[in-house]
Amino acid sequence: MLFTDVIRSKRDGGELNDEQIQFLVDGLTDGSIPAEQISALAMAIFLNGMTFEEAGKLTLAMASSGTVLDWQSDNLDGPVVDKHSTGGVGDKVSFLLAPIAAACGCFVPMISGRGLGHTGGTTDKIESIPGYNSMPEFETFRQTVKSVGCAIIGQTTDLAPADRRIYSIRDVTGTVESVPLITASILSKKIAAGLDALVMDVKVGSGAFMPTDEQATELAHSIMATAAKAGLKTHVLITDMNEVLGTTAGNAVEIEESMRYLRNDVREARLDEVVLALCGEMLITTGLETDRNNARRRCDEAVTSGHAAEIFGRMCTALGGPVDFVDNYSSYLPKAKVIRPVFGKGYVTDVDTRAVGNALIELGAGRRSVGEELDLSVGFTDFAPVGAMLDKERPLAVVHAASSEDAVAAEKNLLAACNTAEYAPAERPIVHGILTGDT
Ligand code: URA
């Protein structure tokens, strides 16, 4: 088979057959199809889409392109469940939800991604913790999940390797925002991780790959339908990404905010709402709870009791991080050379969150090209939420940069990305909907 025929078929609006999909996945996995041909096909899929049938086949073929985990022999006394987000700016939910869910009796083998487009990556963020091995041997990963209850790691070379390759090509070719490609990318990794259940966080808004509720709902249905075909029980929450989630965006700065949350020191309201809603849904999906209020209460108690923080600390130690990280996180995290507030005036009315993500890339917190090294210390803190009143005391955000020039550029980008007015805008809900497939 010639790969140019596969590209031409999709370019002309055709449906890829089983052999063509397998040829693509094999070529992605063994590297025999070059990046330029993969990019051309990704763009043709982006423009012409895929049927549910095609996307389902692509998902299953990508899931089987490497090791498929099986937790049966570990005799875990709780469900194996994970959460995955379609990507946002300031999304540090994973660092909170994994230990909270573990404290509530779940086992969470969280295999996360690196930054994609303007959105940040969990793997990059966790690597701000000195010594933390985000790419452990499989046995270490398995043992950590088993003994601690959760492990957050990066995508290993042997798990859905076909996705790993196409993901990095999509990242730099403007082909991320495709419903079938996002569906196959996310679900292939989750199916390969051997989960009993999955909760998806489909982000919607100016910082999401799906800017409108209609597009987010289309993606949610695609994910649920494809997951159902593969036998993976999945609930989806559609959550707001019209502003930075929490008060920080970057890498180390997000870990710092996460530690403050887990220690129950500061829990920003919107972040708290998303964490409790998603984590509560993990308890519902797995049948550990039947009532959403009880589920949320249990998750909240996991934080207030200190149990979730203790689990994060044990996970960190098991994967090579400092034993006292949760207590002394600030002394371990890298710090930027230049730290400076950005002032504005009036109420924050709306934020171009994608532009904030792009400003992070310019600061060095995100990638422009495959494999680029990041500066984990840079980013934004103290981000004012929509509705906040800015004045001489209350900045729009604090920039953490590697140089004064970078700080000046970031300030300009931030001010251009955020609108202010004399009056506060109406409040927006943070959770736009919950889809369980039963309704
Ligand atoms: N997250 C993924 O894992 N893949 C995508 O394509 C988008 C978000």
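1. In this predicted model, three strands make up an open sheet with the order 10-8-12, and their pairing is antiparallel. The edges of this sheet are strand 10 (389-390) and strand 12 (418-421), each of which pairs on one side only. Strand 8 (residues 346-351) is joined to strand 12 by four bridges in the antiparallel sense, and within this pairing valine 348 has threonine 420 of strand 12 as its bridge partner.

2. Helix 17 (residues 404-417) packs on the three-stranded sheet, where it touches strand 8 and strand 12, and its direction makes about 55° with that of strand 12.

3. Strand 7 and strand 11 (residues 397-401) run antiparallel and are joined by five bridges, and valine 342 stands opposite alanine 397 of strand 11.

4. Turning to the helix pairs, helix 4 (residues 52-63) packs against helix 9 (residues 179-192) at an angle of about 40°, with the two axes 8 Å apart, and the crossing is right-handed. On the side of helix 4 the contact is made by Ala55, Leu58, Thr59, Leu60, Met62 and Ala63, while helix 9 contributes Pro180, Leu181, Thr183, Ala184, Ser185, Leu187, Ser188, Ile191 and Ala192. Sorted by class, the contact of helix 4 with helix 9 comprises 11 nonpolar and four polar residues, and no charged ones.

5. Helix 4 has a further partner in helix 10 (residues 213-229), against which it packs at an angle of about 60°, the axes being 10 Å apart; helix 4 and helix 10 are therefore oblique to each other. Their crossing is right-handed. Phe52, Glu53, Ala55, Gly56 and Thr59 of helix 4 make the contact with His221, Ser222, Thr226 and Lys229 of helix 10. The residues of this contact between helix 4 and helix 10 divide into two nonpolar, five polar and two charged.

6. How do helix 7 (residues 138-148) and helix 14 (residues 307-318) cross, and at roughly what angle? Their axes come within 10 Å and cross at roughly 155°, which makes helix 7 roughly antiparallel to helix 14. The crossing of helix 7 and helix 14 is right-handed. Thr140, Thr144, Ser147 and Val148 of helix 7 form the contact together with Ile311, Arg314, Met315 and Ala318 of helix 14. By class, the residues in the contact of helix 7 with helix 14 are four nonpolar, three polar and one charged.

Methods. Residues are numbered from 1 along each chain as its sequence is written. This is a predicted model: local features need pLDDT of at least 70, side-chain atom pairs count only at pLDDT 80 or more; totals for chains, interfaces and linings use all residues. Side-chain values use heavy atoms; hydrogens and water are left out. Axes are lines fitted to C-alpha atoms, for helices over the stretch in contact, and angles run from 0 to 180 degrees between N-to-C directions. Helices (H or I, at least four residues) and strands (E, at least two) are DSSP runs, numbered from the N terminus. Angles under 35 degrees count as roughly parallel, over 145 as roughly antiparallel, 65 to 115 as roughly perpendicular and the rest as oblique. A crossing is left-handed if the near helix is turned anticlockwise from the far one by less than a right angle, and right-handed if clockwise. Contact means heavy atoms within 4.5 Å. Ala, Val, Leu, Ile, Met, Phe, Trp, Tyr, Cys and Pro count as nonpolar, Asp, Glu, Lys and Arg as charged, and the others, Gly among them, as polar. Two strands pair if DSSP finds at least two bridges between them.
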